[in-house]
Amino acid sequence: MAKIQTIHPIASISGAIVKAESTYFRTRNGKVHVYKVTRPFEGQPSEQQNAMRQDFGACVKQAGIILRTPELREEWQLRYNTYLQDVQTHPNRHKKPSSTLRGFIISQLHKKP
């Protein structure tokens with residue numbers, strides 16, 4: 001017999017619905033949050049901001065490659081499972097634990113020098 005899992009139409013939402021309203025949605029840990037931007041930054045980004053954005057973009061791109069490659073995904077899944085066990089055993093060591101495999105991969109890649 002088939003197993004059916006229904007998915008809520010907006011179980012995961014991110015970004016702006018109407019940019020002119022400056023209202024943004026994002027999903028974190030399974031909860032949808034709505035933000036209203038009242039004073040957006042309109043200046044030029046600093047060199048450090050540009051460097052951080054470039055680095056983060058590279059980490060996101062690499063995480064996508066890892067998740068699409070079965071061997072790499074399996075290796076990272078094992079690392080993530082070990083990490084989750086450590087989080088459960090020692091919750092005070094981890095202030096903001098990663099709740100998804102993708103988030104874990106990005107955080108680990110970002111930590112590397």
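Which residue forms a salt bridge with E75, and how far apart are the closest N and O atoms? The structure is a predicted model, in which local features need pLDDT of at least 70 and side-chain atom pairs count only at pLDDT 80 or more, while totals for chains, interfaces and linings use all residues. Residues are numbered from 1 along each chain as its sequence is written, and side-chain values use heavy atoms, with hydrogens and water left out.

The partner of E75 is R79, with the closest N and O atoms 2.7 Å apart. A salt bridge is taken as a side-chain nitrogen of Lys or Arg within 4 Å of a carboxyl oxygen of Asp or Glu. Both E75 and R79 belong to helix α2, 4 residues apart, about one turn of the helix. E75 is partly exposed, at a relative accessible area of 36%, and R79 is partly exposed at 36% (buried, under 20%; exposed, over 50%; partly exposed, in between; 1.4 Å probe, protein chains only).

The whole structure contains 2 salt bridges. D86 also forms one, with R93, at 3.2 Å between the closest N and O atoms. D86 is partly exposed, with 24% relative accessible area, whereas R93 is exposed at 56%.

Helices α1 (residues 47–68) and α2 (residues 70–89) pack at about 100 degrees, their axes lying 5 Å apart. Helices are DSSP runs (H or I, at least four residues), numbered from the N terminus; axes are lines fitted to C-alpha atoms over the stretch in contact, and angles run from 0 to 180 degrees between N-to-C directions. The two helices, α1 and α2, are therefore roughly perpendicular (65 to 115 degrees).

Conventions. Parallel < 35°, antiparallel > 145°, perpendicular 65-115°, else oblique.
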